[in-house]
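Hi everyone, thanks for coming. Have a look at what's on the screen, and I'll walk you through a few spots in it.

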Amino acid sequence: MFNNLIPLLGVAILVALAGVILVRPLRRAVITRPIFSTYRKVLPQMSGTERDALEAGTVWWEGELFRGKPDWQKLHAYPQPKLTAAEQSFMDKEVEEACRLVDDWKVTHELYDLPNEAWRYIKDKGFLGMIIPKKYGGLEFSAYAHSQVVTKLSTRSSALSVSVMVPNSLGPAELLLHYGTDDQKNHYLPRLAKGIEVPAFALTSPWAGSDAASIPDSGIVCKGMWQGKEVLGMRVTWDKRYITLAPVCTILGLAFRMYDPDGLLGGEKDIGITCALVPYDHPGVDTGRRHFPLNAMFMNGPTRGKDVFMPLDFIIGGPKMAGQGWRMLMECLAAGRSISLPSSNTGMAQMTARAVGGYARVRSQFKMAVGKFEGVEEALTRIGAYTYMMDATRKMTAGAVDLGEKPSVVSAIAKYHVTERARQVVNDGMDVIGGKGICLGPSNFMGRAYQQVPIGITVEGANILTRSLIIFGQGAIRCHPFLLAEMQAAQNPNVGKGLVDFDKALWGHIGFTIKNGFRALWLGMTGSHFAAVDVDTAPEMERYYQQMTRFSAAFAFLSDISLLVLGGSVKRREKLSARLGDILAQMYLISCTLKRYEEEGRNAADAPLAHWAIWDAMYKAQQAFDGVIANFPVRFIAAFLHRSIFPWGHPYVVPSDDLGHQVAKSLIAPSATRDRLTAECFLPRTENEPVGAIELALAATLEAEAIEAKIREAEKAGRFADNPRANVRDVAGVAVELGVITAAEYEVMKRRNHLRDIVVRVDDFPFDYNVATANKPALERKAA
């Protein structure tokens with residue numbers, strides 16, 4: 001009889017437990033309330049700056065990736081960003097001309113600045129006011145047009161692109177548009193649009209670099225004289241560095257912490273971070289000195305001031321915006337960071353793909369174009385596929401800004417992963433061109449890019465910081481459907497209302513985790529073959545949508561288990577947090593690549609670029625999963641996670657060599673694919689320009705290949721035996737003398753050889769070239 005009661009007792013316990021869970025008031029009293037009380041105690045208090053950073057911006061496509069089941073129809077429904085007729089005309093005329101006016105060797109080695117003609121041109125043609133509305137005299141371009149302009153300028157000169165980029169991203173114009181008073185807008189925006197004013201924004205200090213919220217620069221509310229009258233103002237002291245355009249700016253945006261020790265404003269003593277707009281010639285303002293950021297030569301330098309009195313009207317938005325500076329910066333940063341570094345680094349990658357690909361076909365060793373060697377192909381493959389994915393990410397992220405988004409997490413992903421891939425692309429490019437790349441001079445098209453890659457890695461949120469703290473640290477809270485709601489409920493001063501909200505979020509969270517756990521296991525066991533793809537897509541890409549759905553479910557489950565087990569310590573476990581962010585980031589990069597392939601008409605010739613980039617990203621995501629699980633501090637949970645996510649082992653491998661061969665092949669010959677991949681490149685058409693010489697030499701090389709094949713056949717037949725002139729440089733002359741090739745064919749070979757010599761040429765200089773007088777003893781020793 002006792003044995004018969006056991007099943008009944010189990011059923012009764014399950015019914016009672018179900019009743020407690022399903023009856024909300026009972027559930028809140030019995031289960032949720034103790035959890036809520038504990039959670040309130042252990043949840044650290046959030047500072048105002050932390051709250052501003054967390055709440056700034058919007059959640060976009062990354063939120064879908066965090067939910068475990070992305071809505072692919074939503075991805076395809078995002079409109080493809082396109083240029084208006086006016087924007088396209090600007091690209092075709094003004095941007096081309098701006099590029100033509102700049103010689104990067106002269107900028108970086110002789111002028112140490114843009115030429116005056118270029119400065120006048122970009123000011124007069126409105127380059128510095130692309131984001132300013134037409135009613136203020138600006139161009140009122142879209143974020144996508146801004147991105148296109150910066151990308152193209154970056155294929156020519158970093159000094160040119162940065163000088164245009166900074167006034168249109170995080171700076172006075174952006175802040176004025178969103179927060180300025182009518183008087184401030186009406187005065188400054190027309191002057192900024194026409195280049196009458198050159199803006200800079202000063203945030204970073206020597207004592208607060210990445211931790212910008214802790215800036216020590218201060219402003220003390222006080223009374224002082226302004227324009228002959230005593231007014232209420234502030235006495236500001238600052239010491240800033242790394243401020244782009246500071247040496248040449250006429251208007252300085254300044255971030256500092258504002259204090260009111262005497263209560264003159266009647267409120268808090270510590271008012272908070274404040275942003276002001278200060279003329280460069282205001283008494284006490286110190287600008288004009290410069291840094292040299294790795295020979296980039298865009299204007300960048302320090303600014304300082306000590307006890308500089310300025311009226312409260314200098315505050316952007318007026319006195320009412322005192323203390324709101326950090327929120328202002330965080331809300332504007334996402335838009336600027338979505339465009340600036342992704343665009344400039346994609347331009348650098350496009351130039352590398354175009355020039356290095358052409359060089360690899362023109363340059364030959366062992367009687368074969370170096371681009372056909374498998375070792376070189378490996379580097380060319382990364383260059384091509386990464387450039388394709390970087391450009392896809394750049395375009396989709398800029399498009400989000402045009403949709404009204406301020407994607408703080410997505411902008412961090414784009415900034416980090418585009419700049420890191422650019423570093424790989426440029427390094428690979430340098431490896432391919434070898435000694436040509438390491439000798440600086442007018443004919444070196446890669447050396448400055450190689451020098452300047454670390455700038456993008458360092459600025460607008462250093463990459464180590466971005467990867468370790470921001471992408472997942474901010475993304476987990478912002479993108480998770482329940483986590484932020486739980487935190488807000490726990491911090492609600494109305495405890496009763498907080499408990500109700502917390503109960504709803506908590507049980508939604510529990511259901512969400514369980515559901516994604518089962519989905520991750522099912523999709524892992526079935527290889528995601530049965531995952532529904534509810535969108536019309538290219539058949540050759542459909543499996544990627546299924547695999548991405550699997551990644552999303554596994555990521556959501558892994559994230560929740562990590563947060564449940566580790567709690568707030570996830571923030572301190574930066575390596576673990578970084579790897580979780582890597583998974584989210586790779587999913588976003590793949591999403592951008594899939595969308596690009598669709599939007600560009602499913603070009604079969606471009607498919608190898610997309611396939612290689614996606615397989616590489618999936619493999620990297622798998623490695624990130626492994627990194628989290630292998631280092632998970634609770635080992636039995638780690639084993640459970642591994643079996644849930646990879647029940648049959650690791651399905652993702654590196655992209656195949658055959659696929660890589662197809663990618664590399666597309667870079668070393670003219671084609672529509674190569675043109676699409678490098679569409680924003682500025683391409684000079686003369687042999688006096690290094691990139692122009694490569695373009696001409698590539699065409700000449702292809703024209704000469706059939707003729708060269710005839711010469712090699714004659715060489716194999718012994719026609720040139722014992723002729724010392726039959727070397728790689730002069731063999732064509734011997735061939736025409738012996739009748740192996742015609743006079744017309746010889747002319748083709750002569751032109752090819754002429755252009756090839758220009759392409760492979762390395763600059764050399766006199767011994768005393770550019771040597772300062774102080775180094776004359778070295779010259780004297782040389783002469784002795």
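This is a predicted model: local features need pLDDT of at least 70, side-chain atom pairs count only at pLDDT 80 or more; totals for chains, interfaces and linings use all residues.

So, let's start with helix α21: 21 of its 25 residues are buried, so the rest of the structure largely encloses it. Buried here means under 20% relative accessible area, while exposed is over 50% and partly exposed is in between, using a 1.4 Å probe and protein chains only. Helices are DSSP runs of H or I with at least four residues, strands are runs of E with at least two, and both are numbered from the N terminus.

Residues are numbered from 1 along each chain as its sequence is written, and side-chain values use heavy atoms, with hydrogens and water left out.

Back to α21, which covers residues 542-566. From its first C-alpha to its last it reaches 36 Å, close to the expected 36 Å; that expectation is 1.5 Å times one less than the number of residues. Just after the helix comes Gly567, with a positive phi of about 60°.

Now, what lines the second largest cavity? It's Arg550, Phe551, Ala554, Phe625, Ile645, Phe646 and Tyr652, and α21 gives the largest share of that lining, three residues. A cavity is a set of points, on a 1 Å grid over the protein atoms alone, where a 1.4 Å probe fits but cannot get out; a pocket is an open set with protein on both sides within 12 Å along at least five of seven lines; and lining residues have an atom within 4 Å of a point. This cavity holds about 30 Å³ of space. For volumes, grid points are joined across faces, edges and corners, and we take the space filled by probe spheres set on the points.

How many cavities of 30 Å³ or more are there? The count is two. The largest cavity has about 50 Å³ of space, and its lining is Lys436, Ser443, Phe445, Pro690, Ala693, Ile694, Ile758 and Val759. The elements that give two or more residues to that lining are α27 (690-716) and α29 (743-760), with α27 giving the most, three.

On to the second largest pocket, with a volume of about 400 Å³. It has 27 lining residues, and the ones nearest its centre are Pro81, Tyr144, Gln148, Lys395 and Glu680. Helix α14 supplies the largest share of the lining, five residues. By class, the lining has 13 nonpolar, four polar and ten charged residues. Nonpolar covers Ala, Val, Leu, Ile, Met, Phe, Trp, Tyr, Cys and Pro; charged is Asp, Glu, Lys and Arg; the others, Gly among them, are polar.

One more residue: is Asp428 buried or exposed? Asp428 is buried, at 2% relative accessible area, and its place is in helix α15 (residues 408-433). Leaving aside neighbours within four places in sequence, Asp428 is in contact (heavy atoms within 4.5 Å) with Ala379, Arg382 and Ile383.

Finally, zooming out: the chain has 30 helices and eight strands, and 56% of its 784 residues are buried. Its C-alpha trace spans about 110 × 90 × 55 Å along the principal axes.
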